[in-house]
Amino acid sequence: MAVLKNHPALETGQVSHSSLEIVVLHSEAKETVGALKMAADLASGLASVRLLAIQQVPYPLPLDAPPVSVEFLEKRFSNMTSEAGVDACIDIRLCRDARAVLESGLDSRAVIVIGGRRRWWPTAATRLARRLERLGHQVVFTN
């Protein structure tokens, strides 16, 4: 699993685990912007906000050469945080298995915000929220 982060404290591994962190999981662009706005309201200066974007790389490609360039992804996610008006660090994870990244990339004390649409049938976002709750995480689902 390759980890690409654009926050100096994350790059050096010196993140304080005693502080509260709000993690926004990237889904669709519009839902992610809404989740970032919700995270900014929840953080209100007391917690840091991190946008976790998991990008699966198909097996024919090397793990460090995703089909979409990392620079493009960084710019796209930076635009999302700007649109939401939140100062968030962007954490891009290149992987083969997204489930393994979710289990290893989330601190048990972090509050996880997922954007999605509520439907009467379970959507991918609602199934993910339920799965993370079963794993013991605090999850906020925003419409």
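**Exercise 1. Which residues of helix α4 (residues 98-105) are buried?**

Ground rules first. This is a predicted model, where local features need pLDDT of at least 70, side-chain atom pairs count only at pLDDT 80 or more, and totals for chains, interfaces and linings use all residues. Residues are numbered from 1 along each chain as its sequence is written, and side-chain values use heavy atoms, with hydrogens and water left out.

*Solution.* 
- Step 1: Buried means under 20% relative accessible area, exposed over 50%, and partly exposed in between (1.4 Å probe, protein chains only). Helices (H or I, at least four residues) and strands (E, at least two) are DSSP runs, numbered from the N terminus.
- Step 2: read off the helix. V101, L102 and G105 are the buried residues of α4.
- Step 3: look down the axis. These buried residues fall within an arc of 100 degrees, so they line one face of α4. The arc is that of the directions from the helix axis to the C-beta atoms. An α-helix has 3.6 residues a turn, so residues three or four places apart point the same way.
- Step 4: find the cover. It includes β2 (21-25), β3 (48-56), β4 (88-95) and α5 (124-134).

**Exercise 2. Find the largest nonpolar core and the elements that supply it.**

*Solution.* 
- Step 1: define the core. It is a set of buried Ala, Val, Leu, Ile, Met, Phe, Trp, Tyr and Cys residues joined through side-chain atoms within 4.5 Å.
- Step 2: take the largest. It has 24 residues, and I22, V24, L36, V49 and F77 have the most contacts inside it.
- Step 3: trace the supply. At least two residues of this core come from each of β2, α2 (29-43), β3, α3 (70-84), β4 and β5 (111-115).
- Step 4: separate the other core. Another core, of 13 residues, lies apart from the largest one; L25, L52, A129 and F141 are among its residues.
- Step 5: zoom in on I22. Leaving aside neighbours within four places in sequence, I22 is in contact (heavy atoms within 4.5 Å) with residues including A39, L42, V49, V111 and V113.

**Exercise 3. How many salt bridges does a search of the whole structure find?**

*Solution.* 
- Step 1: apply the cut-off. A salt bridge is a side-chain nitrogen of Lys or Arg within 4 Å of a carboxyl oxygen of Asp or Glu.
- Step 2: count. The search finds five.
- Step 3: take E31 and R117. Their closest N and O atoms are 3.2 Å apart. E31 sits in helix α2 and R117 in the loop between β5 and α5, 86 residues apart. E31 counts as buried at 15% relative accessibility. R117 is partly exposed at 44%.
- Step 4: take R50 and D91. The closest N and O atoms of this salt bridge are 2.6 Å apart. R50 lies in strand β3 and D91 in strand β4, so the pair ties together parts that are 41 residues apart in sequence. R50 is buried, with a relative accessible area of 5%. D91 is buried as well, at 0%.
- Step 5: take R109 and D107. Their salt bridge has its closest N and O atoms 3.2 Å apart. R109 is partly exposed at 49%.
- Step 6: join up partners. Salt bridges that share partners link E21, R50, D91 and R93 into one network.

**Exercise 4. Is Q55 buried or exposed?**

*Solution.* 
- Step 1: Q55 lies in strand β3.
- Step 2: check the area. At 19% relative accessibility, Q55 counts as buried.
- Step 3: list partners. Not counting residues up to four places away in sequence, Q55 touches H26, L73, F77, I92, R93, L94 and C95.
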